[in-house]
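Each label in a structure report rests on a rule.

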Amino acid sequence: MSLWIPVTLAAAVFQTLRFMLQRQLSLKTLTATGATFARFLYSAPLVVVGIILYLNGTGQARPVMGPEFWIYGALGGASQVLATIAVVLLFKERNFAVGVTFKNTEAMQAALVGLIVLGDGISLAGFGAIALGVAGVLILSVPPDSVRWRLADAANRAAGLGLAAGLLFAFSGVFYRGASLALDLGDPLARAGLTLAAVTSMQMIGMALWLSLREPGQIRAVVAAWRVAALVGLLSMAGSFCWFTAFTLQNAAYVKTVGQVELILSLLATTLVFRERIARREWIGMGVLLASVLLLIAVL
């Protein structure tokens, strides 16, 4: 098994746990923006210290971080922030499993983004699997309380937030891959760590400035909720490092597709932890999406 596959699976586990905590923070004490800021406030300093120790311990010099690296990193960081806010808002519209499933449309959208931005290739069978995933999204978009499925009902706030989150996460994954590949380093862990350190630092500073101007009370609220928020940051750091490492090893569309194992994890969280009901149409939509994931993995 290629290294990027277990690394991606680990990233999915960390990300699911982090979203579970962010969901609880947004429902109780923080806004969607505040819950998003928590992941960067408590992870960025640790990532910076970690990569410095790693480079010193392995005797590697910091490479030149040119304009291409910073442009890709800034675009990826901004896309990820907006995507995370959209997901947290989505959790207020639909149950946890559906929210995560919508977010995971990034795998399909990353294929087109990667093709356009980086020239990443996708096989014909891969596109077939992604097309199956699109069908799953259409099924899932219709609210569970609708008597019958109609395409017109698929256009709603929850579906819009979910697809926007997926598209933004797709952009962030491709931009992060571009940033990491812009570093002249042979060690994929060093490339991933440097990219993660730079991006999370920019995200932390940018969101702190935004909140101080638009939602000043949220910074204090994030600090006050440090017990849960710090855990969000640690899970974010672990998950992001795994994602970044996977992006340096494989096409972003494939990485994000394997990462859709989050769907299974979110189902467990929805039924066992949050005790939320999943409608029959939602089960069908998620099942079709899962089939597209398994098919894509089979043709890799």
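## Labels and their rules

Q: Why is Tyr72 called buried?
A: Tyr72 has a relative accessible area of 17%. Buried means under 20%, exposed over 50%, and partly exposed in between (1.4 Å probe, protein chains only). So Tyr72 counts as buried.

Q: What kind of model is this, and which parts of it count?
A: The model is predicted: local features need pLDDT of at least 70, side-chain atom pairs count only at pLDDT 80 or more, and totals for chains, interfaces and linings use all residues. Residues are numbered from 1 along each chain as its sequence is written, and side-chain values use heavy atoms, with hydrogens and water left out.

Q: How many helices and strands are there?
A: The protein has 14 helices and 0 strands. Both are DSSP runs, numbered from the N terminus: helices are H or I with at least four residues, strands are E with at least two.

Q: What makes Tyr72 and Phe175 an aromatic pair, and why is the pair called tilted?
A: By the ring rule the count comes to 6 aromatic pairs. Tyr72 and Phe175 form one that is tilted, at 6.1 Å centre to centre and 40° between the planes. Rings of Phe, Tyr and Trp (its six-membered ring) pair if their centres lie within 6.5 Å; planes under 30 degrees apart are stacked, over 60 edge-to-face, and the rest tilted. The distance of 6.1 Å passes, and 40° falls in the tilted range.

Q: What does the pair of Tyr72 and Phe175 tie together?
A: Tyr72 lies in helix H4 and Phe175 in helix H8 (residues 157-181), so the pair ties together parts that are 103 residues apart in sequence. Phe175 is buried too, at 11% relative accessibility.

Q: Why is the pair of Phe171 and Phe175 called stacked?
A: Their ring centres are 5.8 Å apart and their planes are at 20°, so the pair is stacked. Phe171 and Phe175 are 4 residues apart in helix H8, about one helical turn. An α-helix has 3.6 residues a turn, so residues three or four places apart point the same way.

Q: Is Phe171 buried, partly exposed or exposed, and how do you know?
A: Phe171 has a relative accessible area of 27%, so it is partly exposed.

Q: Which residues do ring pairs link into a cluster?
A: The cluster holds Phe19, Phe91, Phe96 and Phe274.

Q: What makes Arg23 and Glu276 a salt bridge?
A: Their closest N and O atoms are 2.5 Å apart. The rule asks for a side-chain nitrogen of Lys or Arg within 4 Å of a carboxyl oxygen of Asp or Glu. The pair of Arg23 and Glu276 passes. Arg23 is in helix H1, and Glu276 is in the loop between H13 and helix H14 (280-299), 253 residues apart. By this rule the count comes to 1 salt bridge. Arg23 and Glu276 are both buried.

Q: How do you know that Thr270 is buried?
A: Its relative accessibility is 0%, so Thr270 counts as buried. Thr270 is in helix H13.

Q: Where is Ser43, and why is it called buried?
A: Ser43 lies in the loop between helix H2 (32-41) and helix H3 (44-58). Its relative accessible area is 1%, so Ser43 is buried. The side chain of Ser43 reaches the backbone oxygen of Arg39 at 2.4 Å.

Q: Which residues does Ser43 touch?
A: Setting aside residues up to four places away in sequence, Ser43 touches Gly233, Ser236 and Met237. Contact means heavy atoms within 4.5 Å.

Q: What makes H2 mostly covered?
A: In H2, 9 of its 10 residues are buried. Among them are Phe37, Arg39 and Phe40.

Methods. Polar contact = N/O pair within 3.5 Å; in protein donor to acceptor, adjacent residues only side chain to side chain.
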